[in-house]
Amino acid sequence: MWSFGFRALVEADIDGNRAPEVAALSKEHTMVAVASGREGSKLASFVAASDSRTATLLDDVDGDGRVDLAVVGPNVAGFDAQTGLPAWVIPDTSSGEPIGSVRAIAAIDRAEEGYSDLLLGGEFGWHARLTVVDGRSKAIKQQIDGSVLGMRAVAEMVVADIDGDGIEDYLVAAQPVILMVQGLKVAAFSGRDGTALWMADVGGMSVQDLLWLDDLQAPSGRSIVVVSGDGLRAFDGASGSALWTLSRPTHGAVLVPNGEKGSEIAVFFYDTIDFLDSATHVSLRQYTLPSFLRAVRPLDAGLDALLIGTEQGLLLLDGLTGSILGESRYLGPALAHAASLSARRLSDQVWLIAAATGNGVYRYRLALTGTVFANGFE
């Protein structure tokens with residue numbers, strides 16, 4: 001008899017010995033166990049790749065001079081970004097309470113100390129939870145109970161000092177974890193002591209992205225924009241007061257700080273990317289790409305090089321002209337269902353790229369040399 005709860009079962013002769021085996025998928029869709037159909041003894045178990053990785057972060061977490069690739073999955077693990085070799089794992093509990101189910105990750109820059117802490121967001125016991133992990137020791141430094149958000153999980157996060165105390169605070173967007181709970185919430189928590197600074201209700205049921213931008217309409221001069229499937233909603237970064245709503249279907253959005261005449265918001269939906277003036281929300285230019293967009297990230301803060309994951313591969317787009325600077329259809333199925341794209345500059349023309357997908361995490365090196373686009377990516 002197996003002790004874990006399961007969601008699905010299938011019977012088949014897996015090992016070819018003409019006797020049936022039984023495979024079970026855990027409730028969390030994270031583990032598959034195979035057992036003998038005769039004796040019931042467990043023969044093998046493994047993590048299910050279809051739900052194994054959700055988010056990535058490229059940063060020198062421990063301050064050793066090498067870029068770490070931090071990956072969120074069944075656990076939070078770190079790899080050497082250039083070699084791909086395992087470097088560290090954050091246990092579910094190294095001190096304090098369990099970290100829980102992690103869905104988002106962000107870096108908290110400790111430049112004065114030469115490293116970065118990790119902010120982990122997700123849920124534990126059907127309630128939101130934030131955990132700050134020391135970048136060097138991987139020990140838990142701070143935990144914040146987000147039960148004020150109701151039965152919701154942190155889906156996206158932004159790190160910023162919103163109260164001017166010199167300590168980075170945490171802005172989060174949370175979505176329901178059960179069907180009985182309706183609507184999203186956005187909130188800010190103090191990085192000093194974890195107290196909730198403000199909280200606001202947001203329509204919609206799923207968070208696509210969370211943007212932090214300069215906003216003349218905001219009393220504080222900064223706004224936090226929640227991107228959901230039915231549009232964008234902005235709130236004042238310091239108080240949480242509602243500012244504006246832009247209703248439109250979307251699969252995601254990204255901030256481009258150095259647009260043509262100021263900051264822009266690039267909103268994508270299916271195969272179309274639309275660039276909006278971040279102050280007026282007026283469409284500036286729109287392009288249709290060869291296949292559906294899954295993730296977008298500017299390599300720098302400008303329009304000249306937008307890294308885009310599509311159903312057919314990776315491409316680089318000039319956001320001002322709409323020209324596809326380079327693309328590759330030879331990267332395999334890596335970006336068919338990209339959950340996130342991370343990028344880190346290694347030198348003036350060389351970037352490390354990480355893509356979290358439904359079937360694993362993929363690393364790429366992009367060299368922007370004079371001949372790189374002659375035949376696709378190198």
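Trainee: In strand 24, which residue is the bridge partner of phenylalanine 275?

Mentor: As a general idea, strands of a sheet pair through backbone hydrogen bonds, either parallel or antiparallel. In this predicted model, the partner of phenylalanine 275 in strand 24 is arginine 285, and this pair belongs to a setting in which strand 23 and strand 24 (residues 283–288) run antiparallel and are joined by five bridges. The two strands form a hairpin with five residues between them, and histidine 281 in that turn has a positive phi of about 70°.

Trainee: Which strand pairs with strand 23 over six bridges, and in what sense?

Mentor: Strand 22 (residues 264–269) does so, in the antiparallel sense, with phenylalanine 268 bridged to isoleucine 273 of strand 23. Here too the strands form a hairpin, with two residues between them, and tyrosine 270 in the turn has a positive phi of about 55°.

Trainee: Why is strand 23 described as largely enclosed by the rest of the structure?

Mentor: The reasoning rests on burial, for which the cut-off is under 20% relative accessible area; five of the six residues of strand 23 (residues 272–277) are buried, so the strand is largely enclosed by the rest of the structure.

Trainee: Is serine 116 buried or exposed?

Mentor: Serine 116, found in strand 10 (residues 115–124), counts as buried because its relative accessibility is 6%. Its side chain makes a polar contact with the side chain of aspartate 59 at 3.0 Å, and, leaving aside neighbours within four places in sequence, the residues in contact with serine 116 include Val61, Ile108 and Gly135.

Technical notes. Residues numbered from 1 in each chain as written. Predicted model: local features only at pLDDT ≥ 70, side-chain atom pairs only at ≥ 80, totals over all residues. Heavy atoms only, no water. Helix = DSSP H or I, 4+ residues; strand = E, 2+ residues; numbered from the N terminus. Buried < 20%, exposed > 50% of the residue type's maximum accessible area, 1.4 Å probe, protein only. Polar contact = N/O pair within 3.5 Å; in protein donor to acceptor, adjacent residues only side chain to side chain. Contact = heavy atoms within 4.5 Å. Pairing = 2+ DSSP bridges.
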